[in-house]
Amino acid sequence: MHSVLGAAIMLVIAVGAYGAGAVAQAVGARQAEAHPDGSRGLFAILSHPASLLGLVFDLVAWVLSRLALHTLPLFTVNTVLAGSLAVTVLLSHRFLETALHRRELWAIGATVLGLVLVGLAADSSVAIEPTDTMRRLIIIFLPILACGGLLAVKEKLPPPVIGGCSGLAFGASALAARSITTADGILSLFREPLLWVMLGYAGVGVMLFTRGLERGSVGSVTAAMWAAEIVPASIIGFVWLGDTVRPGWGVAAFAGIGLTLFATAVLAVPADAAGARGPGTTEGTAAATMAMSFAPSTFASSRGPPPRRAAPP
């Protein structure tokens, strides 16, 4: 009982950290120093102070969620973490000055309800020993996904597609973590190939998520990431890793997952994209507002001065 409660507390902290990290990374992606052609290098983005802060938030959330995977089913951990998008929307409203419409408030409420259902349906489980075939598939999929994600970035596919690739990477990282066992002691963990594969997937996920945020909105990229992370990994957890729900709570579990995914999709689409931020306000200046809230003397917008208003006739 205590282990389940501890895992639940870790998940709550991780939700807040992931939500804050997404907004901070969006600031770094937009405020990083641009190349002469207007593009931004990955190093410039990741080395920006706001991006570094976002990575710290992500690292804390990631470690806590990996620990929770050894107590709670994979579908529970991933679905609860998807609730961080609601935190992202609320923080965007506070720091990025985005409008918060009634439909988004309903979606946030639906997210909370879905997470409650998933949490109540969860049954503590212990990771079972994966088959050799599954372990090989998890390892082989890493370079395939990395190459596919880099190709999506190079071909300038829509940002949600890149966000979806990052979600697959994070989901695969969770599968690798769920499949790791420490039966031979903690020192044997460092000889476990899945540990390094798990870290590799996490690195690919961070890189692709950052690239998606460089050109896309926080909501759409983050929503695509969570959808791609939750569904495939949860199915694999049920079929091959022995994840279970409490007796009689199967319908509630699937309803909670579906409700959370639906609310996530709603939050990903602005209620009024044309006028949500008011006239003359762009995502760049909104990100600058968030950046200034961290350290006014450190951050500056890389998009140049605001456009001049036309002279009155």
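**Cysteines, core and surface**

Analyst: The structure holds 0 disulfides, a disulfide being a pair of cysteine sulfur atoms within 2.5 Å. This is a predicted model, in which local features need pLDDT of at least 70 and side-chain atom pairs count only at pLDDT 80 or more, while totals for chains, interfaces and linings use all residues. Residues are numbered from 1 along each chain as its sequence is written, and side-chain values use heavy atoms, with hydrogens and water left out.

User: Switching to the inside, which residues have the most contacts in the largest nonpolar core?

Analyst: Those are L81 and I138, in a core of 73 residues; such a core is a set of buried Ala, Val, Leu, Ile, Met, Phe, Trp, Tyr and Cys residues joined through side-chain atoms within 4.5 Å. Helix α9, residues 193-215, gives the most to this core, with 11 residues, helices here being DSSP runs of H or I with at least four residues, numbered from the N terminus.

User: What does I138 touch?

Analyst: Leaving out residues up to four places away in sequence, I138 touches L175, A176, S179, L194, V197 and Y201, where contact means heavy atoms within 4.5 Å.

User: Okay, loops now. Where is T244, and which residues is T244 in contact with?

Analyst: T244 lies in the loop between α10 (218-240) and α11 (250-268) and counts as partly exposed, at 32% relative accessibility. Beyond its neighbours within four places in sequence, T244 is in contact with P73, F75 and D123. T244 and T76 are 168 residues apart in sequence, yet their C-alpha atoms are 9.9 Å apart in space.

User: And what is the phi of K156?

Analyst: The phi of K156 is near 55°, a positive value in a residue other than glycine. Most residues other than glycine have a negative phi. K156 sits in the loop between α7 (132-154) and α8 (159-179), and K156 is exposed, with a relative accessible area of 64%.

User: Last one: which helix does I13 belong to, and is I13 buried or partly exposed?

Analyst: I13 is found in helix α1 and is partly exposed, with a relative accessible area of 46%.

Terms used
Helices (H or I, at least four residues) and strands (E, at least two) are DSSP runs, numbered from the N terminus. Buried means under 20% relative accessible area, exposed over 50%, partly exposed in between (1.4 Å probe, protein chains only).
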